[in-house]
Amino acid sequence: MELDRTTTKTKARKCDVCARPMLAGQVKRHGVCDPSHPAYLNPLDGNAAGMEASFRSAEARWTKAHQALVDKAVEDVATDKVFFTVDDVYQLLGEDFPKSKGMASRLTLAMSAGLISWTGTYTNSQRPGNHGQTLKLWRSHKKGIKK
């Protein structure tokens with residue numbers, strides 16, 4: 001490891017494939033960055049398929065068009081339901097719609113606009129493949145509230 005002369009701390013090595021910092025015990029590259037990793041040897045192997053899906057998900061970025069579709073879906077779900085989760089939004093968007101952590105920011109924007117609010121409670125995801133992930137429960141301000 002290289003010594004940083006300004007702080008007297010050692011700098012973490014960088015992966016020679018993705019240039020991200022290495023974890024303790026990793027030598028040249030992350031296991032998932034290494035094409036000779038056992039999970040890449042059999043393309044039909046479930047591990048390789050899972051890692052590939054994970055990479056696609058991590059690299060997913062929504063375009064402005066995607067963001068507009070998500071905003072419309074949030075508004076449509078808020079119009080139809082009093083209480084909802086992200087599962088309801090993704091159900092409306094369809095199974096092939098790219099998943100992204102950007103959903104949280106779209107919901108926050110809808111909350112800032114007064115369309116929805118967080119109930120302060122959580123529920124488990126019902127979406128297949130989502131492993132019962134904990135999700136926020138949202139309340140619509142378009143449905144079920146008399147003005």
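## Helix H3

In this predicted model, helix H3 spans residues 64-80, a run of 17 residues. The distance from its first C-alpha to its last is 24 Å, close to the 24 Å expected at 1.5 Å a residue.

Val70, Ala73, Val74, Val77 and Ala78 are the buried residues of H3. They lie on the same side of the helix, because the arc they cover around the axis is only 130 degrees. An α-helix has 3.6 residues a turn, so residues three or four places apart point the same way. Lys64, Ala65 and Asp80 are exposed, on the face of H3 turned away from its buried side. The packing partners of the buried residues are strands E1 (83-84), E2 (116-124) and E3 (134-140), together with helices H4 (86-93) and H5 (102-112).

## The largest nonpolar core

The largest nonpolar core holds 18 residues, of which Phe84, Val89, Leu93, Met103, Leu107 and Ile116 touch the most other members. H3, H4 and H5 each supply at least two residues of this core, and H3 gives the largest share, with 5 residues.

Beyond its neighbours within four places in sequence, leucine 107 is in contact with Val74, Phe84, Val86, Ile116 and Trp138.

## Helix H4 and its ends

H4 is largely enclosed by the rest of the structure, because 6 of its 8 residues are buried. These are Val86, Asp87, Asp88, Val89, Tyr90 and Leu93, and their cover includes H3, E1, H5 and E3.

Just after H4, glycine 94 adopts a positive phi of about 105 degrees.

Notes
Residues are numbered from 1 along each chain as its sequence is written. This is a predicted model: local features need pLDDT of at least 70, side-chain atom pairs count only at pLDDT 80 or more; totals for chains, interfaces and linings use all residues. Side-chain values use heavy atoms; hydrogens and water are left out. Helices (H or I, at least four residues) and strands (E, at least two) are DSSP runs, numbered from the N terminus. The expected span of a helix is 1.5 Å times one less than its number of residues. Buried means under 20% relative accessible area, exposed over 50%, partly exposed in between (1.4 Å probe, protein chains only). The arc is that of the directions from the helix axis to the C-beta atoms. Contact means heavy atoms within 4.5 Å. A nonpolar core is a set of buried Ala, Val, Leu, Ile, Met, Phe, Trp, Tyr and Cys residues joined through side-chain atoms within 4.5 Å.
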